[in-house]
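Work through the exercises below with the sequence and the model at hand. Try each task before you read its solution.

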Amino acid sequence: MKPAPFEYRRPDTVEEVLHLLAEYGDEAKLLAGGQSLIPTMNFRLAQPAVLIDLNAVKGLDSVDEADDGGLRLGAMVRQAAAERSALVAEKVPLLAETLPFVAHAQIRNRGTIGGNLAHADPRSELPAVMLALGASVRVRGPDGERSIGAGDFFTGFFGTALEEGELLTEVVLPPAVEGGGQAFLEVSRRLGDYAMVGVAASVVCDPAGRCHRASIALLSVGSRPMLAEQASACLVGERPSSAAVLAAGHAAGNKDIDPQADMHASVAYRRHLATVLVRRALTAAFERAGCVMGEGAS
Amino acid sequence: MGAHPYVGAGVVRNEDAQLLTGRAIFVDDVHLAGTLHAAFLRSDFAHGRLLSLDTSAARRREGVIAVYTAEDLGDYWCHGPLLVPPPPIAGLTFNTATLVPLARDRVVHVGEPMAVVVAESRYIAEDALEDIVVDIEPLPVVVGLEEALAPDSPVIHEALGTNVAAHAVQRKGDYEAARSEAHTVVSRKFSYDRGVAGSLENRGILADWNPRNEELTVWDTTQAPIPIRNGLAERLGLLQSQVRVVAPFLGGGFGPKMMMFYPEEVLIPWISMRLGRPVKWIEDRAESFFATANERLQLHEAELAVDSEGRILGVKDVFLHDSGAYDPYGITVPINTQCTLLGPYRVPNYYSEFTAVFTNKTIVTPVRGAGRQHGVFVMERLLDFAAKELGIDRVEIRKRNFLTPDEFPHNHEILFQDSAPLVYDSGDYLPAMEKAAEMIGYREFLEEEQPKARDAGRQLGLGIVSYVEGTGIGPYEGARVSVEPSGKVQLATGVGTQGQGHFTTFAQIVADQLGVDVTDVNVATGDTREFSWGTGTFASRGIVVAGSACHEAAIVVRKKILALASEALEAAEDDLELADGVVRVKGSDLSISLGELAVRANPLRGTVEPGAEPGLEATSYFGPARGTTASGVHAMIVEIDPETSEVSIQRYVVVHDCGRLVNPVIVDGQIHGGVAHGIGNAFFEELVYDDQGQLLNASFMDYLLPTATDVPHMEVAHVETPSPLNPLGVKGVGEAGAIPVGALYAQALEDALQGAVEILEMPLSPGRLFDLVHGTPSDPEAAS
Ligand SMILES: Cc1cc2nc3c(=O)[nH]c(=O)nc-3n(C[C@H](O)[C@H](O)[C@H](O)COP(=O)(O)OP(=O)(O)OC[C@H]3O[C@@H](n4cnc5c(N)ncnc54)[C@H](O)[C@@H]3O)c2cc1C
C-alpha cells in the first residue's frame with residue numbers, strides 16, 4: 001500500500017495552482033485533506049504524476065458571512081473547523097448538524113469542505129446538504145471564475161461539473177429564511193461510516209402554515225445525491241401533517257429513488273430506510289420551522 | 001511493596017509503562033542499517049494455471065536488488081509442514097495440502113504469492129511489482145461448500161482428485177436409538193460464518209543473516225517463536241543455536257499468528273542469507289485480508305432429541321467446514337466445533353460428522369474461539385427451539401441439562417484437538433446460570449419490562465446462553481527462574497506474548513513463592529535466546545501451562561533460597577520466612593536479602609559440596625495430562641428499532657469460570673476483548689466473496705470491525721471452580737468472551753421480534769435482519 005512515484009508541488013497562491021493545473025493537465029491531482037485521495041493513491045487506484053498540494057495556498061480557508069446574509073466557506077476549510085464554527089451554527093444549522101456524521105473526528109481534522117464536494121462520493125453527506133439548501137460552489141479556471149449550483153455540480157458517480165484546470169475555491173450557502181426548518185438523518189452501520197441511506201430535508205412554511213418549499217435530498221441511493229421531487233410534491237402547497245410526511249416518505253422510497261444493493265443493504269432495505277428517514281426528517285424539519293403538524297390529510 | 005498473595009489480586013500490569021508510553025518494541029520498530037524491503041506479487045485470480053512470470057523489467061528497475069519466483073528457489077521450494085496432524089479418529093479421511101512458498105504452476109486463492117521483489121525501499125519494491133508480467137489462465141473457481149462437493153466441481157488439488165480435505169465421524173452412545181425414544185426432535189439447518197482476527201499489528205518479519213558469526217536473527221510476529229526457530233534451522237540447514245527468533249511485543253495474535261509457516265516466514269530469512277543483508281517485510285492491511293489465515297463458514301444440519309421434560313437424549317450434527325485452499329493446520333477448527341457443541345450439558349448420545357472442503361479462498365486456521373462458536377451456536381439454538389416447542393423456559397431447559405459437580409471428571413467419549421479424549425476436568429454450571437439470570441434481571445425483564453416496552457411499541461429482547469471452552473492443552477511449556485545479585489528475579493519462558501498480560505501474571509505467580517515485589521520479577525518471553533523450549537500461545541493455554549511451569553520453577557528456587565539462608569542464618573528452615581525480598585528468622589531481626597544469597601550461591605573462590613549447582617536458579621517444565629474446561633454464561637438485552645432494524649445493546653452480562661483467577665483485572669480485559677470480537681462476528685464482520693472467489697470487502701472501509709461505540713459496557717462476574725489438573729487451579733480465558741456471542745444475539749433478537757423469524761445464521765446486520773423479517777432478498781452478490 002505505497003503510492004506510485006509522483007512529483008510534489010506546494011504552491012501558495014491560487015494563481016500558481018491554476019498555472020500548474022494548466023501545465024500538467026490531467027496528469028495532476030489536487031491534494032486537499034488527502035483523506036480520500038491518499039488512500040486511493042496507496043491502493044494505486046489513482047496514480048497522478050504530479051500532486052499539487054493546496055495546503056499552503058492562502059485565502060482558501062476562511063468562513064465569512066456573505067453579503068446576502070448567507071455563508072461563504074473557503075474550499076480548504078477543514079470539516080472540523082466548520083463543525084466548531086459559531087458562524088456556521090448560526091447561519092447554516094443544517095451544515096453544523098450534519099458534519100458530525102461525516103467520517104470520524106480525526107478525519108474531519110484534515111478533511112476539507114471543498115475536497116469532500118469535489119470528491120463527489122454519492123454516499124457523502126455534504127453534497128446532499130448542498131442540494132437541500134440550494135447552495136452553490138465557486139470555481140476558478142483558465143477562463144476565470146464561475147459559479148455552479150449544487151444541482152448542476154454533481155453529475156454522476158464521483159463526477160462533478162469541474163472542468164480540467166479548474167479549482168473549487170468556495171462554497172456559497174444561501175441565508176436562512178423566515179419559516180424555514182431543516183433536519184439531517186442517516187442510518188449507517190457504525191458511527192462515522194458512509195450511510196446506507198441519508199436524508200437532508202429543508203422546508204419553508206408560509207405564514208399561513210402551508211408548506212411553501214420542501215427540498216429533500218437523499219444520499220447513498222444512486223450514483224449521485226438526488227432531490228426527491230415526488231416526495232416534495234406531496235407537501236408543497238399543503239398544510240404539513242403526519243399523513244403528508246408519511247406519503248412523502250413513501251414517494252421518496254418507492255418512486256423517487258432507484259437504489260442498488262450492496263453488501264450492507266438490499267434494494268428493499270434501502271427503499272424502506274428512505275421511506276422512514278424522509279418521514280422522520282420532514283417531521284423534525286417542520287417542527288423546527290415552527291409549523292404545527294396536523295394529524296390526518298391536509 | 002505490594003500485598004501478598006499476588007495471585008488473585010488485580011495488580012497493575014508490569015508492561016503498562018512500556019506499552020502506554022510507546023516504548024514497547026514491535027517488529028517494525030526494529031531498524032537495522034542496510035535493511036532491504038520485500039514486497040510480494042500476489043495472484044488476482046482465485047484459481048488459475050500460472051503460465052509465466054516475466055520478471056526481467058522488475059529486475060532492471062533502479063533500486064531493485066533481487067526478484068525471486070518459485071523457479072529461483074531451487075531445492076528450497078517445497079511444501080510446508082502439516083502443523084497439527086489430525087487426532088486418530090477411527091475411519092478418518094484426511095487429505096493433506098500444505099502451503100508452498102511461492103505458487104509454481106497453479107494459483108489456488110486470491111492473494112497467493114507468486115514472486116517476491118527485494119529492493120532498497122518498500123516503495124521501489126511495490127513499483128517493481130507492477131513491472132512483472134503475469135500470465136494466468138483462469139480456471140473455474142470453487143467458492144461454495146456444497147458446490148465444492150458436487151460431482152462436476154472443479155478440483156483444486158489435482159493430485160488429491162477431490163475437494164474433500166477431511167471427513168470425520170465421532171460417536172458417543174447410539175443416537176438413532178435415543179431418537180426413536182424421544183418425545184420431541186427439533187432439527188434445523190444453520191449457517192455460521194466468521195472473519196479475520198483483525199490484529200492492530202499485521203504480520204511482519206525482519207531477518208538478519210550475519211555472515212561473520214554465521215548467525216541468523218529473525219524478528220517475527222509469531223505466537224510460536226521456538227517452533228519457528230526450530231523449523232527455520234531445519235529448513236535452512238543451520239544449528240538451532242545459530243538461529244535466534246524474537247517475537248517482541250505483538251499488536252495482537254488471536255490465532256492466525258500461530259499458523260506456521262506462512263510463505264513469507266520461510267522466504268524472508270532465506271533471502272537474507274542469500275543477500276547477506278537484513279530483509280524486512282511488513283504485511284499491509286490490504287495483503288492481510290488475503291495472506292493471513294482467517295475463519296469462515298460452516299453449514300450444519302443438526303437435530304436434538306429430548307424427552308417430555310426437555311432432557312437431552314441425543315444430538316446429531318452433520319456439517320461442512322470451509323478449509324480454504326490448503327489445510328496446514330489439520331482439522332483443529334472443525335474438531336473444536338464438534339467437541340464444543342456439547343457444551344455444559346449431559347449428552348448421552350452424540351453423532352457428529354463433518355466434511356472439511358477445499359475452496360479457492362484464503363486458508364482457515366484458528367481465530368480466537370477457533371470453531372467453538374459454530375458448535376455453541378448450533379447447540380444453543382437447538383435448545384432454544386426445543387424449549388419453545390415444549391413450552392419450557394429457556395433458562396430452565398439449560399438447568400435441567402447441566403452436568404452436576406458430582407459428574408466430574410466427565411468423559412464425553414470423543415477425541416479433542418489435542419488427540420486426548422474429551423474429558424471435562426471440573427465445572428459447576430448451575431451457579432453461573434443463576435447468577436447471570438439474577439444480574440440481568442431475567443424474571444423482572446420477562447414479566448414487567450418487556451411487556452411494558454411491547455405495549456409502547458418497542459422491540460426489546462433478552463438472550464441468555466451458556467458454553468464451555470476447552471483450554472490449556474499440552475504438550476508442555478517451561479520456565480526458568482533465577483534470583484540475581486541485585487535481588488531482582490529473572491523469569492524466562494518460551495511462550496510468546498501478544499498482549500495477554502504475561503509480564504504481570506507470570507510475575508505474580510513467582511513473586512508469591514519468592515516473597516518479592518511483583519515489579520521485581522522481570523519476565524522474558526518470546527525470545528529463543530532467553531528460553532529454548534516450548535510451543536507457543538494458542539488454545540487459551542498460556543497461564544495454564546506456562547504459568548504452572550513458572551510456579552514449579554519458583555518452588556524449586558524457594559527451596560534453594562531457604563536451604564542457603566538456613567545455613568547463612570544458622571536457623572532451621574521451618575523458622576524462616578520469606579518476604580519483602582529478604583529471608584528472616586521468624587520473630588527476630590536476623591535476616592539476609594535475596595541478593596546476598598544470590599552472591600553466596602555463586603562463589604568466586606573456595607570449595608562447594610560435590611553435586612552443588614550454582615545460583616538460585618531452577619528450570620521446570622509443565623505438561624498437563626489434558627486440557628482444562630472453562631465455562632460461562634452470557635446474557636444481554638437488546639433493542640431493535642422496529643422501523644430501521646438498527647440494534648442496540650442495552651445490557652451485557654458475563655458470568656465466567658476460568659478456575660482460580662490470577663489477576664481479575666486482566667481476566668476481565670480478556671473477556672471484554674473477546675466479547676467485542678464476538679459482537680463483531682455476530683453483527684458487523686463478514687468476508688464477502690463473489691462467485692469468482694474475489695473478496696469484495698478487503699479493507700476496513702467495508703469489513704466492519706466493531707468500534708468503541710458498538711461495544712457496550714459489560715458487567716462481569718466470576719465463579720471459581722479450580723482445575724484439578726494444575727497446581728494453580730487455573731483454566732484458560734483468552735478466547736472465552738468471543739465464543740457464545742452469536743448464539744446470544746440470535747436468541748435475544750428472536751425474543752425482541754417475538755418469534756416472528758427464526759434466526760439460523762450468523763453474522764447478521766440491520767439490513768439482513770430487515771430482509772429476514774420482511775422476506776425480501778438480500779444482496780445477490782454475496783455469494784457465499
Ligand atoms: C475512514 C473514512 C471514513 C469516511 N467517512 C466519510 C463519511 O461518512 N462521509 C463523507 O462524506 N466522507 C467520508 N470520508 C471522506 C472524507 O470526508 C474526505 O475527507 C473527503 O471526502 C475528501 O476531502 P479531503 O479534503 O480529504 O480531499 P482529498 O482527499 O485531498 O481530495 C479528494 C478529491 O478532491 C479533489 N479536490 C480536493 N480539493 C479540491 C479543490 N479545492 N478543487 C478541486 N478538486 C479538489 C482531489 O484532487 C481529489 O480528487 C471518509 C474518509 C475516511 C478515510
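## Exercise 1: Cysteines

A:Cys291 is buried, at 9% relative accessible area (buried means under 20%, exposed over 50%, partly exposed in between, with a 1.4 Å probe and protein chains only). The model is predicted: local features need pLDDT of at least 70, side-chain atom pairs count only at pLDDT 80 or more, and totals for chains, interfaces and linings use all residues. Residues are numbered from 1 along each chain as its sequence is written, chains are lettered from A and ligands numbered from 1 in the order in which they are written, and side-chain values use heavy atoms, with hydrogens and water left out.

**Solution.** 

Step 1. Count the disulfides: the structure holds 1 over all chains (a pair of cysteine sulfur atoms within 2.5 Å).

Step 2. A:Cys205 lies in strand β12 (residues 195-205) of chain A and A:Cys291 in the segment after α12 (267-288) of chain A, so the bond ties together parts 86 residues apart in sequence. Helices (H or I, at least four residues) and strands (E, at least two) are DSSP runs, numbered from the N terminus.

Step 3. Check burial. A:Cys205 is buried too, at 8% relative accessibility.

Step 4. Rule out a neighbour. The sulfur of A:Cys211 is 5.5 Å from its closest cysteine sulfur, in A:Cys205, which is too far for a bond. A:Cys211 is buried, at 2%.

## Exercise 2: A sheet in chain B

**Task.** Work out the strand order of the open sheet of 4 strands in chain B, and say which helices pack on it.

**Solution.** 

Step 1. Write the order: β22-β21-β20-β26 of chain B, with mixed pairing (two strands pair if DSSP finds at least two bridges between them).

Step 2. β22 (521-525) and β26 (616-622) of chain B each pair on one side only.

Step 3. Neighbouring strands are turned by 15 degrees against each other on average, direction ignored.

Step 4. Inspect one pair. β20 (residues 477-483) and β21 (residues 489-493) of chain B run antiparallel and are joined by 5 bridges. B:Val483 has B:Val489 in β21(B) as its bridge partner.

Step 5. α14 (residues 502-514) of chain B touches β20, β21 and β22 of chain B, and makes about 135 degrees with β22(B). α15 (residues 542-569) of chain B touches β20, β21 and β26 of chain B, at about 150 degrees to β26(B). Contact means heavy atoms within 4.5 Å. Axes are lines fitted to C-alpha atoms, for helices over the stretch in contact, and angles run from 0 to 180 degrees between N-to-C directions.

## Exercise 3: Chain interface

**Task.** Describe the contact of chain A with chain B.

**Solution.** 

Step 1. Count residues: 26 come from chain A and 38 from chain B.

Step 2. Get the area. The chains bury about 2600 Å² between them, 57% of it on carbon and sulfur atoms (accessible area, 1.4 Å probe, that two parts lose on being put together, summed over both).
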